[in-house]
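Please report on the fold, the helix packing and the charged pairs of this protein chain. Keep it brief.

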Amino acid sequence: MAKVELKQPIVQEISETIKDAQSLVVVDYRGLTVAEDTQLRKNLREAGVTYKVYKNTLVNRAIEGTEFESLKDVLEGPNAFAVSTEDATAPARVLAEFAKKAPSLEIKAGVVEGTYYDAEGMKQIASVPSREVLLSKLLGSLQSPITNLARVLNQIAEKGGAADAAADAAPAEKAPAAE
């Protein structure tokens, strides 16, 4: 069997992986211990991110003509690829968080929703909270004015109710004194 025939299924696998991807991050994993790599893979899997090591030439062929083609310049040396189809910022966020504990992990570049980012840009993307966190912040900011209004109305009702009770009690006390 020719070498091309052996490599074609791998190129097809890469193409299928990135077909519906919202983001693709390229990292240099040299220097990671087996335990660190295992933990990184576990963290990425929990975040719904596919993480694999492929040959650069095969990735070059797979990204040809796609929105990820801008990554060709960083495909030198041993690389691993983190791909997410659900949360565009998840790979960058998980990798950046893990790189704090394992400084040998280097984020080279990435494409997030069709835009190329270098290593510094990926650090900025990593600082963006997840979709769930952003939605909860939005919900909290929408709910806050309503909660405050309800609290104020409740305080007015309590004070008004206390004032009415005091007003009712005051004339009753004055009436017996006047008699």
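The expected span of a helix is 1.5 Å times one less than its number of residues. Helices (H or I, at least four residues) and strands (E, at least two) are DSSP runs, numbered from the N terminus. This is a predicted model, in which local features need pLDDT of at least 70, side-chain atom pairs count only at pLDDT 80 or more, and totals for chains, interfaces and linings use all residues. Residues are numbered from 1 along each chain as its sequence is written, and side-chain values use heavy atoms, with hydrogens and water left out.

**Helix α4**

Helix α4 covers residues 90-101. Its 12 residues should span 16 Å at 1.5 Å a residue, and its end C-alpha atoms are 17 Å apart, which agrees. Buried means under 20% relative accessible area, exposed over 50%, and partly exposed in between (1.4 Å probe, protein chains only). The buried residues of α4 are Ala90, Pro91, Ala92, Val94, Leu95, Ala96, Phe98 and Ala99. Their cover includes the strands β1 (23-28), β2 (49-53), β3 (80-84) and β4 (106-112). It also includes the helices α2 (34-46) and α5 (119-126).

Asparagine 43 sits in helix α2. This residue is buried, at 18% relative accessible area. Contact means heavy atoms within 4.5 Å. Leaving aside neighbours within four places in sequence, asparagine 43 is in contact with Val94 and Phe98. Its side chain also joins that of glutamine 39 in a polar contact of 2.8 Å. A polar contact is a pair of N or O atoms within 3.5 Å; within protein, one must be able to donate a hydrogen and the other to accept it, and residues adjacent in sequence count only if both atoms are side-chain atoms.

**The whole chain**

The protein chain has six helices and five strands. From the N terminus, the order is α-β-α-β-α-β-α-β-β-α-α. Of the 179 residues, 32% are buried. Among contacts between residues at least 6 apart in sequence, 76% join residues at least 24 apart.

The chain exposes about 11200 Å², and carbon and sulfur atoms supply 56% of that area. Accessible areas come from the Shrake-Rupley method with a 1.4 Å probe; for residues, only the protein chains shown count as cover. Leu149, Val152, Leu153 and Ile156 make a nonpolar surface patch of about 380 Å². Patches are made of residues with over 30% relative accessible area and no salt bridge, with like charges joined within 9 Å and nonpolar side chains (Val, Leu, Ile, Met, Phe, Trp, Tyr) within 5 Å. Leucine 149 belongs to helix α6 (residues 131-178).

Glutamate 113 lies in the loop between β4 and β5 (115-118). It has a positive phi of about 50° although it is not a glycine. Glutamate 113 is exposed, at 57% relative accessible area.

**Salt bridges**

Side chains of opposite charge can pair when their charged atoms come close. A salt bridge is a side-chain nitrogen of Lys or Arg within 4 Å of a carboxyl oxygen of Asp or Glu. By this rule the count is 10. The table gives examples.

| Pair | N to O distance |
|---|---|
| Glutamate 16 and lysine 19 | 3.4 Å |
| Aspartate 37 and arginine 41 | 3.0 Å |
| Glutamate 97 and lysine 100 | 3.5 Å |

Glutamate 16 and lysine 19 are three residues apart in helix α1 (residues 3-19), so about one helical turn separates them. Lysine 19 is exposed, at 53% relative accessible area. Aspartate 37 and arginine 41 are four residues apart in helix α2, about one turn. Glutamate 97 and lysine 100 are three residues apart in helix α4, so about one helical turn separates them. Salt bridges that share partners also join Glu64, Glu69 and Lys72 into one network.
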